[in-house]
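These are my notebook entries on a single structure.

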Amino acid sequence: MAAPAAEGLAVTALRSVLHRVRQAAERSGRRADDVRVLAVSKTKPISLITQVYEAGHRCFGENYVQEIIQKAPELPEDIEWHYIGHLQSNKAKQLLTAVPNLAMVHGVDNQKLANYLDRAVSSIGRQPLKVLVQVNTSGEESKSGVDPSNCIELAKHVKLDCPNLEFSGLMTIGRPDYTSTPENFKTLLNCRTEVCKVLGMAESRCELSMGMSSDFELAIEMGSTNVRIGSTIFGPREYPKKQ
């Protein structure tokens, strides 16, 4: 009967995270409202998400198509869902159809995926979809994302050739253990400067999704506008045991 205790812990943890976000934002001369906190609920049950929702939180993130398309219809429609990380092109339409309140995809890492998302948005007739271009700032082959040298080309493609997508900024994941270093964040900041110059965009209009449970305060201090917090709010991930 430990579940209620765990659910109470998630709300307490959320409040602690929001306090830390506020402090980090103030240290960087910004307001807490300038930073979107995504409660990343992968592997977590709907009951736990509901507790965090009832505490007033509205922005949630998921990493797997199968999970988000099962959870989203069971939860309130005013949740702002974000899909984080690698998305397979052939699942783009399934995701958009099942989750009408999908606000943003963090992780467009190639033109093919951008084109699939663009066509899917058009075919179901929804509002343009906000997308972030994922940049591989750590240079690992195991990580998705474009090389920093190619991020301008992909951002241009999204902005100029995908009328049903709204290029909204850049995203990175970081090192093998999913923490980042100031160098990772600096690389993304440099990419933003270059992309905005080419696209004629104000840097303040170009979001940065960087920072997770272990490094979100540093990410905010360096300019992140989206932090993706999973285990610090919800506790360790609960993957099903293999039979």
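**Entry 1: E217 and its partner**

I began with E217, which is partly exposed at a relative accessible area of 23%. The model I consulted is a predicted one. I then looked for the partner of E217 and found a salt bridge with R20, in which the closest N and O atoms are 2.8 Å apart. E217 belongs to helix α8 (residues 216–221) and R20 to helix α1, so this pair ties together parts that are 197 residues apart in sequence. R20 also counts as partly exposed, with 25% relative accessibility.

**Entry 2: other salt bridges**

I searched the whole structure and recorded eleven salt bridges. One of them joins E207 to R36, with 2.9 Å between the closest N and O atoms. Here E207 sits in strand β7 (residues 207–209) and R36 in strand β1 (residues 36–40), so parts 171 residues apart in sequence are tied together. I noted that E207 has a relative accessible area of 17%; the cut-off for buried is under 20%, so E207 is buried.

I next looked up E67 and K71, whose side chains meet in a salt bridge at 2.7 Å, N to O. Both residues lie in helix α3 (residues 65–71), four residues apart, which is about one turn of the helix.

I asked how many of the six residues of strand β5 are buried. Five are, so β5 (residues 129–134) is largely enclosed by the rest of the structure.

I then followed the pairing of β5. Strand β4 (residues 102–108) pairs with β5 in the parallel sense over four bridges, and V108 has V133 in β5 as its bridge partner. I traced β4, helix α5 (residues 111–124) and β5 as a right-handed β-α-β unit.

Strand β6 (residues 165–171) pairs with β5 in the parallel sense as well, over six bridges. L129 stands opposite L165 in β6. From β5 the chain crosses through helix α6 (residues 151–161) to β6, and I recorded this β-α-β crossover as right-handed.

**Entry 3: S16**

Lastly I located S16 in helix α1 (residues 3–27). S16 is partly exposed, with a relative accessible area of 35%. I checked its separation from R119: S16 and R119 are 103 residues apart in sequence and 41 Å apart in space, C-alpha to C-alpha.

Technical notes: Residues are numbered from 1 along each chain as its sequence is written. This is a predicted model: local features need pLDDT of at least 70, side-chain atom pairs count only at pLDDT 80 or more; totals for chains, interfaces and linings use all residues. Side-chain values use heavy atoms; hydrogens and water are left out. Buried means under 20% relative accessible area, exposed over 50%, partly exposed in between (1.4 Å probe, protein chains only). Helices (H or I, at least four residues) and strands (E, at least two) are DSSP runs, numbered from the N terminus. Two strands pair if DSSP finds at least two bridges between them. A crossover is right-handed if, with the strands pointing away from the viewer, the path from the first strand over the helix to the second runs clockwise. A salt bridge is a side-chain nitrogen of Lys or Arg within 4 Å of a carboxyl oxygen of Asp or Glu.
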